[in-house]
Amino acid sequence: MPESVDAVEMQAALLRLRRTSGLPVAFGGLLSDSRHARIAEVHGARSAALRGLVISSGSGLGGKSMALARPCAVTDYRVSRHISHEYDTAVAAEGLRSVVAVPVVVRREVRGVLYGALREPLTLGDRTFDAAVAAARDVEQALAVRDEVRRLLAAGRPEPDAAPGAAAGAWEDVREAHRELRALMPKVLDPALRDELLAVCGRLASATGTREPGAREVRLAPREVDVLACVAAGATNAVAADRLGLRPETVKGYLRSAMRRLGAHTRLEAVVAARRAGLLP
């Protein structure tokens with residue numbers, strides 16, 4: 001999967017941090033290994049001093065935040081006695097004084113760090129802390145989605161020589177992965193990543209080779225396929241609505257439209273027709 005979180009979701013999170021907090025400078029990056037984060041995105045800077053900076057766990061304000069897995073702040077970075085000062089040159093070059101750092105934590109694992117800063121030594125209030133934490137949560141959610149996508153794609157296809165029962169179970173895993181991937185796509189901000197996920201879903205849908213030769217091509221809207229994928233897994237309209245973040249009435253409308261396009265009269269007929277058309281695995 002492309003490393004799009006630090007290029008897209010990180011940018012969006014930092015822009016949100018600046019907008020909601022009023023802080024003129026925001027920057028951050030993800031961990032390159034278990035102890036180091038590289039500052040890859042910088043907004044509002046006057047120099048290039050911060051970009052590419054590698055932050056070690058425990059060092060400086062961001063490193064302290066990473067080590068403790070909680071937000072940390074200083075009123076005046078230059079003279080603070082509560083942090084180490086390995087990065088004073090870069091901080092001074094940018095003229096930063098009051099700084100807040102928030103770790104990005106996914107399933108209790110620190111994955112990165114976000115900063116917001118002022119060029120004056122002023123005490124940062126609750127509004128600023130809340131904005132920084134909310135921005136970090138945006139990145140955390142994006143990382144969690146990417147992790148789940150990778151997990152689902154790792155399911156793979158059944159072995160060619162697998163026993164019939166095992167192969168059937170593996171195909172059910174493929175179908176469940178297809179459904180979950182489609183449910184995750186609306187949460188992905190990066191258009192390129194969404195297109196790639198759609199392509200993966202298309203490969204999963206055609207993996208069983210159930211499309212009948214010469215069958216009439218049927219086109220369904222993405223949400224119609226999402227709903228059918230849930231229905232194929234046995235979900236009711238209410239359950240499908242909960243999984244997809246839609247209202248039950250909306251799910252019912254998508255299902256009715258899909259059935260009409262597929263020439264089906266029941267939910268089961270719609271699923272079978274979608275599989276014959278190569279729209280579902």
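## Basis

The model is predicted, and local features need pLDDT of at least 70, side-chain atom pairs count only at pLDDT 80 or more, and totals for chains, interfaces and linings use all residues. Residues are numbered from 1 along each chain as its sequence is written, and side-chain values use heavy atoms, with hydrogens and water left out.

## Cysteines

The structure holds zero disulfides, a disulfide being a pair of cysteine sulfur atoms within 2.5 Å. Cysteine 72 has a relative accessibility of 5% and therefore counts as buried, where buried means under 20% relative accessible area (1.4 Å probe, protein chains only). Cysteine 230 is also buried, at 1%.

## Helix α9 with helix α10

Helix α9 (residues 248-262) and helix α10 (residues 267-276) have axes, fitted to C-alpha atoms over the stretch in contact, that come within 9 Å and cross at roughly 60 degrees. This makes α9 oblique to α10, oblique being the class left after under 35 degrees (roughly parallel), over 145 (roughly antiparallel) and 65 to 115 (roughly perpendicular). Leu255, Met259 and Leu262 of α9 make the contact with Arg267, Ala270, Ala273 and Ala274 of α10, contact meaning heavy atoms within 4.5 Å.

## Helix α7 with helix α9

Helix α7 (residues 222-232) packs against α9 at an angle of about 95 degrees, with the axes 9 Å apart, which means that α7 is roughly perpendicular to α9. On the α7 side, Arg223, Glu224, Val227, Leu228 and Val231 meet Val251, Tyr254, Leu255, Ser257, Ala258, Arg261 and Leu262 of α9.

Technical notes:
Buried means under 20% relative accessible area, exposed over 50%, partly exposed in between (1.4 Å probe, protein chains only). Axes are lines fitted to C-alpha atoms, for helices over the stretch in contact, and angles run from 0 to 180 degrees between N-to-C directions. Helices (H or I, at least four residues) and strands (E, at least two) are DSSP runs, numbered from the N terminus.
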